[in-house]
Amino acid sequence: YDLNIIAPPLNCPKWACVVLPCINHLPSMKLYQQIIPRDAEVRQGNDWICYDASSLNKGDIVRLSEGDVIPADVCLLSLGTDFVSDYKDHENDNENETNSKGSVPGVIGSTSSELIVDSSNVNGQRPQTISAKDNDDGSGTVEALELYAGSVVLQGEAIVVVTKIGKDTMLASMIAKGEWPPTSSTNATPASQQKGYEKVCQAEAV
């Protein structure tokens with residue numbers, strides 16, 4: 001099965017990085033190392049287990065905390081750390097589709113919870129603040145927002161479900177298309193320099 005691995009912007013053989021150590025010091029490669037997820041806290045039965053991020057699969061329930069790098073493309077289930085036990089029932093019936101109000105059915109969050117996520121190093125967007133919407137019964141409903149691999153949780157906690165891994169994530173797609181890092185990033189490697197190293201890597205690989 002596919003692993004949750006996102007290829008770097010310069011995917012050279014390991015020995016090439018030894019021969020050309022300056023490759024790892026390119027701004028884009030340094031940024032890649034900063035935002036690539038290392039581990040994830042995954043729901044297994046009634047427990048939360050810390051796994052290597054590369055072992056994540058679609059459908060895994062993950063708990064995010066302040067300072068975490070989001071380990072895959074995920075959909076927000078709830079704010080805070082309370083697991084929504086009935087999510088699996090809704091997943092089977094709705095396949096994680098949102099209802100007409102743009103919320104995951106049965107997904108409830110605390111009205112006092114707030115999540116701030118920074119995806120600027122992934123897609124160049126400003127940090128977004130996510131809050132629960134008040135319901136008549138005093139509970140809060142969380143919009144089914146998609147969060148992207150490589151983004152960082154600046155504040156708050158949340159429960160999410162993995163929707164895309166590895167090469168299917170937005171970050172991997174942008175890297176493959178040569179659209180990453182975002183042009184707004186101060187860590188972007190000049191295109192001419194990037195292409196030059198790519199040619200070297202291709203030649204060394206042959």
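This is a predicted model: local features need pLDDT of at least 70, side-chain atom pairs count only at pLDDT 80 or more; totals for chains, interfaces and linings use all residues.
**Exercise 1. Strand pairing around strand 12**

*Solution.* 

Step 1. Strand 4 and strand 12 pair in the antiparallel sense, and six bridges join them. Within strand 12, Val162 is the residue that stands opposite Val74.

Step 2. Strand 12 also pairs with strand 3, again in the antiparallel sense, over four bridges. Here Arg63 has Ile159 of strand 12 as its bridge partner.

Step 3. Strand 12 covers residues 158-164, and five of its seven residues are buried; it is therefore largely enclosed by the rest of the structure.

**Exercise 2. The salt bridges**

How many salt bridges does the structure hold? Determine for each one the residues involved and classify their accessibility.

*Solution.* 

Step 1. The structure holds two salt bridges. A pair counts if a side-chain nitrogen of Lys or Arg lies within 4 Å of a carboxyl oxygen of Asp or Glu.

Step 2. One of them joins Arg63 and Glu41, with 2.5 Å between the closest N and O atoms. This pair links distant parts of the chain, since Arg63 belongs to strand 3 (residues 61-64) and Glu41 to strand 1 (residues 39-44), 22 residues apart.

Step 3. A residue is buried under 20% relative accessible area and exposed over 50%, with partly exposed in between. Arg63 has 18% relative accessibility and so counts as buried. Glu41, at 25%, counts as partly exposed.

Step 4. The other salt bridge is formed by the side chains of Lys167 and Asp168, at 3.7 Å from N to O. Lys167 has a relative accessible area of 59% and is therefore exposed. Asp168, at 44% relative accessibility, counts as partly exposed.

**Exercise 3. An open sheet**

What is the order of the strands in the open sheet of three strands? Identify the strands at its edges.

*Solution.* 

Step 1. The order is 7-6-11, and the pairing is antiparallel.

Step 2. Strand 7 (128-131) and strand 11 (152-155) each have a single partner strand, so they stand at the edges and one side of each is left without a neighbour in the sheet. From one strand to the next, the twist averages 35°.

Step 3. Strand 6 (residues 114-118) runs antiparallel to strand 7, and four bridges join the two. Glu114 stands opposite Ser131 of strand 7.

**Exercise 4. The nonpolar cores**

Which residues have the most contacts inside the largest nonpolar core? State which strands contribute to this core.

*Solution.* 

Step 1. The largest nonpolar core has 21 residues, and Val62, Leu76, Leu79, Leu115 and Leu147 have the most contacts inside it. At least two residues of this core come from each of strand 1, strand 3, strand 4, strand 6 and strand 12.

Step 2. A second, separate core has twelve residues, among them Leu31, Tyr32, Ile35 and Trp180.

Step 3. Beyond its neighbours within four places in sequence, Val62 is in contact with residues including Ala40, Val42, Trp48, Leu56, Ile159 and Val162. Glu41 is also one of the contacts of Val62.

**Exercise 5. The chain as a whole**

How many helices and strands does the secondary structure of the chain comprise?

*Solution.* 

Step 1. The chain has six helices and twelve strands.

Step 2. Of its 206 residues, 43% count as buried.

Step 3. Among contacts in the chain with a separation of 6 or more, 71% are between residues 24 or more positions apart.

Step 4. The accessible surface of the chain is about 11100 Å², and 46% of this surface belongs to carbon and sulfur atoms.

Definitions and conventions. Residues are numbered from 1 along each chain as its sequence is written. Side-chain values use heavy atoms; hydrogens and water are left out. Buried means under 20% relative accessible area, exposed over 50%, partly exposed in between (1.4 Å probe, protein chains only). Two strands pair if DSSP finds at least two bridges between them. Axes are lines fitted to C-alpha atoms, for helices over the stretch in contact, and angles run from 0 to 180 degrees between N-to-C directions. Contact means heavy atoms within 4.5 Å. Accessible areas come from the Shrake-Rupley method with a 1.4 Å probe; for residues, only the protein chains shown count as cover. A nonpolar core is a set of buried Ala, Val, Leu, Ile, Met, Phe, Trp, Tyr and Cys residues joined through side-chain atoms within 4.5 Å.
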